[in-house]
Amino acid sequence: MTLKTTMKSLAAGLALAALATSGALSQELTLKLGHLANEQNSWHKASVKFGEELSALTDGRIAVEVFPNDSLGREMDLINGMQLGTVEMTITGESLQNWAPMAALLAVPYAYTTLEQMDEVASGEIGDQIEAQVIERAQVRPIAYFARGPRNLTSNREIKAPSDLNGFRMRVPNVPLFVDTWSALGAAPTPMAFSEVFTSLQNGTIEGQENPLALIQSASFNEVQSHVNLTEHVRSWIYLTISEQVWSQLSEEDQGHVMTAAAAAQEFEREQFLADEQAIRDDLETKGMTFVEVDADAFAEAAREPVINSVDESIRPIVEDLFSR
């Protein structure tokens, strides 16, 4: 072997070693982000956007792997996993009140009548207090929030007033406030994981459920439910979150990158959300769902006292103030 050939081989070997080293450095951390929505939902699109932004900001050192459709686990399992250090990220909201009572404020029935009013609370002093308590007690750190369309009740018959419920068997998330409120309205609510709802509607275990239009569409509930009763009983937001264990291990610079990427994802999701709402209703109507106007005042009046009585005493003055607005 000539000296020239030897030098070429050595150079090639060094180049391969450099590439291998570069590859090892280029992806130092992979964040697994699981959520319940499908790939068409704005939450999923915003999660992918977050990953793209974070990868670009860190030159590929931090990657985000997104798992839609509960494929990484159910919401409560993911929260528990984040606390144990087995999961890095999820999208979650009022379920956090199982640890932090103030998280109930994310979805208080009839507390926010407009998106603007909800934004004022979520991005203001009350929102800061909620996030601080969630970090302290749930060991989960909110890094952005996404708007949710108002929650509506689906069924296979018209439900125009609380008197039409009469023991109506319905799924609610594992949120005590939701259970107490729907019970007071006359329904028979059952906490259930979102991934079990379609089959339970199909086999008649439950008669209905309540969710924003986006989740009604993405879960194909139009195949097992004929009516959307426009109760609009909850306007709420939901958090993009990261495990506090993971957050504490990031450098200050990378924490800044995470927050910058999260801000971009929040802005992107809001654009998607506003564009999607009417289109989703049109799609559900085309698929045969009937939209029913309800006696909103009757629902709100019937819910007011149970809601105030059901929230934790520590946040009751805040809830009373929200109702008074």
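**Exercise 1.** Is Tyr 145 buried or exposed?

*Solution.* Start with the basis. This is a predicted model, in which local features need pLDDT of at least 70 and side-chain atom pairs pLDDT 80 or more, while totals for chains, interfaces and linings use all residues. Residues are numbered from 1 along each chain as its sequence is written, and side-chain values use heavy atoms, without hydrogens and water.

Next, apply the cut-offs: buried is under 20% relative accessible area, exposed over 50%, and partly exposed in between, with a 1.4 Å probe and protein chains only. Tyr 145 has a relative accessible area of 10%, so Tyr 145 is buried.

**Exercise 2.** Find how many aromatic pairs the whole structure holds, then follow the one between Tyr 145 and Trp 237.

*Solution.* Step one: the criterion. Rings of Phe, Tyr and Trp (its six-membered ring) pair if their centres lie within 6.5 Å; planes under 30 degrees apart are stacked, over 60 edge-to-face, and the rest tilted.

Step two: the search. In the pair of Tyr 145 and Trp 237, the centres are 6.4 Å apart and the planes make 65°, an edge-to-face arrangement. This pair joins distant parts of the chain: Tyr 145 belongs to strand 4 and Trp 237 to strand 8 (residues 227–243), 92 residues apart. Strands are DSSP runs of E with at least two residues, helices runs of H or I with at least four, both numbered from the N terminus.

Step three: the next ring. Trp 237 is buried, at 0% relative accessible area. Trp 237 and Tyr 239 have ring centres 6.5 Å apart and planes at 85°, so they too are edge-to-face. Tyr 239 has 1% relative accessibility and therefore counts as buried.

Step four: the network. Ring pairs link Tyr 112, Tyr 145, Trp 237 and Tyr 239 into a cluster.

**Exercise 3.** Describe the surroundings of Pro 142.

*Solution.* Locate Pro 142 in strand 4 (residues 140–155). Its relative accessible area is 6%, so Pro 142 is buried. Now list contacts, meaning heavy atoms within 4.5 Å. Beyond neighbours within four places in sequence, Pro 142 touches Glu 131, Val 134, Ile 135, Tyr 239, Leu 240 and Thr 241.

**Exercise 4.** Which residues does Asn 38 contact, leaving aside neighbours within four places in sequence?

*Solution.* Asn 38 sits in the loop between strand 1 (29–34) and helix 2 (42–57). With a relative accessible area of 11%, Asn 38 is buried. The contacts are His 44, Pro 68, Asn 69 and Ser 218. Finally, a polar atom of the Asn 38 side chain lies 3.0 Å from the backbone nitrogen of Gln 40.

Methods. A polar contact is a pair of N or O atoms within 3.5 Å; within protein, one must be able to donate a hydrogen and the other to accept it, and residues adjacent in sequence count only if both atoms are side-chain atoms.
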